[in-house]
Amino acid sequence: MFEAIAFYLFAFLTIVMFYITVTTSQALHALTALAAGMILISAFFFILGADFLGAVQIIVYSGAVMALYAFGMMFFDTTRELKEKKGNNAIIVGLSIIAAVLVVVIFAAPMVSTNMAAHYPMVADAGNTQEVGIVLFTKYLVPFELAAVMLLVAMVAGIVLAGKKMDLSLTLMDEAEIQQIKDEQNKKVLS
Amino acid sequence: MELYLYLALFSPLVSSLFSALFTATPKKQFIGIVASGLIILAFVSSTILLTHILSGGDVVHVELMTWMAAGDLYIPFGFVVDQVSVTMMMVVTLVSSVVHVYSIGYMDHDKGFNRFFSYLSAFVFSMMILVMSDNFAGLFIGWEGVGLCSWLLIGFWYHKESATWAANEAFIMNRIADLGMLIGLFLVYWNTGTLQYEQAFAAMPSLSTDILTWMGIFLFIGAMGKSAQFPLHTWLADAMEGPTPVSALIHAATMVTAGGYLVIRANPLYDLIPNVGLFIASLGAFVAFYAASMALVNRDMKRIIAYSTLSQLGYMFVAAGLGAYWVALFHLMAHAFFKALLFLGAGNVMHAMHDELDPFKMGGLKKPMKATFIMMTLASVALAGIFPFAGFFSKDLILEVSIIEHHYIIYSVLLFTAGLTAFYSFRLVALIFHGEERYKLFGIHPHEAYKFMLVAMSPLLILAIIAGSFKMTYFEMVTALLPATEYHVHSVAMYWIMTIGTQIFVILAIAFAYKKYAMSPVTVPDGTSKMENRLCYKILINQYYIPYIYQEYVVKPYRELSTIFWKEIDMKIVDASVDGIAKIFYSTGENTRTMQSGNLSTMLKWMVAGIVALLSLAVVFGLAVRYSDEIKVILSGLGVQ
Amino acid sequence: MEIGLNHYLVLSTILFSIGLVGVMRRKNLLMLFFATEILLNSVNIAFAAISHYYGDLTGQMFAFFVIAIAASEVAVGLGLLIVWHKRHGNIDLEYMSTMRG
């Protein structure tokens, strides 16, 4: 019973939060609603017994990703209202509803095959984190390493794209040169 | 012996290709000499082969290589030199050599000198293929080749609209006849399984008369086009647009005789279907009279000679139709000599008179052009059939054949035509060479042709005179292959009455012609005289209005039909549908191009729409799989398997 | 009442369609990114639910990798957004239609 209450409560809240994200005209409200939605989703993970996943969701999504978005928000005039296109709401909503209905139909259809065996079955007595660790570092090792490399690449790309001019390497120059460059810059600014 | 066969066959080809190298360059004298030399080489080879065959040698048969070997069909490039083909070869190469040498002088001032020799030698090559081939397919190749070269040569002066029109007319009429010939060839192959002469003719007696009749009729239709029998005859008179040596070679001696050669070659077939033979003979007699009647009043020198050719072709077909093939071949040979001579003489006159063709505007040319005068007169005498010239032996033989076979109508038509022939030939000679010198009114100064041209014409003159004496040798040789029916009138008295009577009739006609045109004063008719306004004159001078009928009732409707097919069907339906398919693609691309607006929102919407479509497909598919049994029941209820 | 797999899947579908609405509707590029996050998260829920109800850890693995990828995507995407903003001064989709067909 508790599970049902929790499920419906969090489901309702999540839907409301995400609805606010896509329909509000205030950018900050959208950001806040998104962050709230992320946390509520992690609640689902906890309900489903995927503890590690839930923790990762909070840390990565509502922590790192939301922080990134918050930094991104600095580039706007957030007092201004977001102007929405005068798009055809009917088409948008209609398409989405149809897509949703179709997916539900597909999912609700009775499964055709009956002999489904789990690939990496969950062992009841070990904790979720332990199990995830075992599977992740043995069976999924290569994707794990690749994901790590990909994150590294993304980080470097983010720095390069967003950083200032980096043709001078401050650590390799000595004090006198750095002072010289600073004086030149100051001169330019002052004159 | 095979060497001579190859020489005779391929030297004209070498000559043609050699001359073809120089078609874009200005006239070079040596091309004419080289070409003539090669043709004379072919003539010498043919003569050697002729002596070989005459002395009882074996028939020379070579097979160069296989042309088609597909399934049951086997057609080689095979050539045979037997009695019939060696006769034709000799005639063709002799007349061609004379014409080549003559053309060096005749085409002296023409810009297309080199091109002319190329075409002329190509024609000789095609004709040699035609007569030397040992199967119907090779015959057909040569048939088409001479048709093509005839088109090239008639339209030699292609800037002239009339020349190109005449060339097209000749080629198209030949083509219409070739359809008949092809059907005949198909029938031969279909019923006998081969196109080789020997095997086909051996298989023919076992076929039904109906099939043989159709075969004979269709092959004769092909011969009708090539030899200009009625109703496919209008092209021959118009073909005079080409240079005179062309007329001498093609339209007197060689190409037009190809039809006769076909009938002679297919004599085993025509022996089996005497009804068709009778039809051929009747048509030939009709054409003989028809052409002679048109020549009576014509005012174009070359046209008169062309009608004369047409008339004599009729004689040849009478002989071939009545089964006297060797007589037909003999007349073909003799006719080639004196007709070519007549044409070449006419060429001399044309050159002298600056291409004037109306004999009424000439007259009294025997003084400046003595040699030509003698040659043309003697040729006309031979044509009229006066003893002892060549024409007597061949033409009178044909008259005898018709009497012996009891075809009295044909005999009387041919006899009357002989008189007409004599009349119009000497009308022409008298108008040109005798009487007052009317050409002075038009300010023309005639001169004789070059000496070497006259020397070139002399072999023809000699043969036109003495060819009759070859009759017995020829008869013995050629009847090894052709049916050897001797034609003797039963009673000696009747023979002498016939012969002498024919001679007197002919001589009277000549005298009448002389009296009317050489003795009495002649004026250039200008449309006002009583004769010109008589109905029969009008009919004859307009060639029985046949060209007019063809133009109005055949050519014009066909042209209308072609225009309809072009504008309505081809452009509106066929082109439109093809263009329409292209347009559909293009417009589809144009319209779907707007999907790529560059606007991310729009494109995302399209993406979602696509996803929805795919999901629907997945649902439908899944339902179909899930309920496949029920669907099968429903469909079988509706009758679909 | 018993919460079955279907409940979670329906929830996931609803969240997914909300994300679709956002993707189609928003004109501001940053808001578009927000909607993309919603899509990814809905899918994560579905994965985790299936993994729970079938006793298979594969679903959770997938969810991990989706999170990792989403994170790096956000990083690079924001970097590009910043560069665009520096160059053009706005991040409005209407002005970004240079790749027309």
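# Close-up views of a predicted three-chain model

**View 1. Chain C in outline.** Of the 101 residues in chain C, 53% are buried. The model shown here and in every other view is predicted. Chain C contains 3 helices and 0 strands, and its order along the sequence is α-α-α. When contacts in chain C between residues at least 6 apart in sequence are considered, 49% of them link residues at least 24 apart.

**View 2. The contact of chain C with chain A.** Here 56 residues of chain C meet 65 residues of chain A. Three helices of chain C, α1 (5–25), α2 (29–54) and α3 (58–88), each contribute at least two residues to the side of chain C that touches chain A. Which helix provides the largest share of this side? It is α3(C), with 21 residues. Sorted by class, the side of chain C that touches chain A consists of 37 nonpolar, 15 polar and 4 charged residues.

**View 3. The contact of chain A with chain B.** In this view, 11 residues of chain A are in contact with 11 residues of chain B. On the side of chain A that touches chain B, 9 residues are nonpolar, 1 is polar and 1 is charged.

**View 4. Chain B in outline.** Chain B has 25 helices and 2 strands. Its length is 641 residues, and buried residues make up 48% of them. Among contacts in chain B with a separation of 6 or more, 81% are between residues 24 or more positions apart.

**View 5. The largest nonpolar core and a second core.** The largest nonpolar core holds 204 residues, and the members that touch the most others are Ala340(B), Leu341(B) and Ala464(B). Helix α15 of chain B, residues 325–352, gives the most to this core, namely 20 residues. A second, separate core has 70 residues, including Tyr8(C), Leu20(C), Ile50(C) and Ala63(C). As general background, nonpolar side chains in soluble globular proteins tend to be buried together.

**View 6. The surroundings of Ala340(B).** Leaving aside residues up to four places away in sequence, which residues does Ala340(B) touch? They are Val95(B), Val98(B), Ala248(B), Ala252(B), Ala253(B) and Leu460(B).

**View 7. Two packed helices of chain B.** The packing of two helices is described by the angle between their axes and the distance between the axes. Helix α13 (residues 274–295) of chain B packs against helix α14 (residues 301–321) of chain B at an angle of about 160 degrees, and the axes are 7 Å apart. Why are α13(B) and α14(B) described as roughly antiparallel? Angles over 145 degrees count as roughly antiparallel, and the angle of about 160 degrees therefore places α13(B) and α14(B) in that class. Their crossing is left-handed. The residues of the contact of α13(B) with α14(B) comprise 19 nonpolar, 6 polar and no charged.

**View 8. Leu64(B) in its strand.** Leu64(B) lies in strand β1 of chain B, which spans residues 60–70. Is Leu64(B) buried or exposed? Leu64(B) has 11 other C-beta atoms within 10 Å, and a residue with 12 or fewer counts as exposed, so Leu64(B) is exposed. Tyr6(B) is 58 residues away from Leu64(B) along the chain, and the C-alpha atoms of the two residues are separated by 9.8 Å.

How values were computed
Residues are numbered from 1 along each chain as its sequence is written. Chains are lettered from A and ligands numbered from 1 in the order in which they are written. This is a predicted model: local features need pLDDT of at least 70, side-chain atom pairs count only at pLDDT 80 or more; totals for chains, interfaces and linings use all residues. Two residues are in contact if their C-beta atoms, placed from the backbone, lie within 7 Å. Ala, Val, Leu, Ile, Met, Phe, Trp, Tyr, Cys and Pro count as nonpolar, Asp, Glu, Lys and Arg as charged, and the others, Gly among them, as polar. Helices (H or I, at least four residues) and strands (E, at least two) are DSSP runs, numbered from the N terminus. A residue is buried if 20 or more other C-beta atoms lie within 10 Å of its own, exposed if 12 or fewer, and partly exposed in between; C-beta atoms are placed from the backbone. A nonpolar core is a set of buried Ala, Val, Leu, Ile, Met, Phe, Trp, Tyr and Cys residues joined through C-beta atoms within 7 Å. Axes are lines fitted to C-alpha atoms, for helices over the stretch in contact, and angles run from 0 to 180 degrees between N-to-C directions. Angles under 35 degrees count as roughly parallel, over 145 as roughly antiparallel, 65 to 115 as roughly perpendicular and the rest as oblique. A crossing is left-handed if the near helix is turned anticlockwise from the far one by less than a right angle, and right-handed if clockwise.
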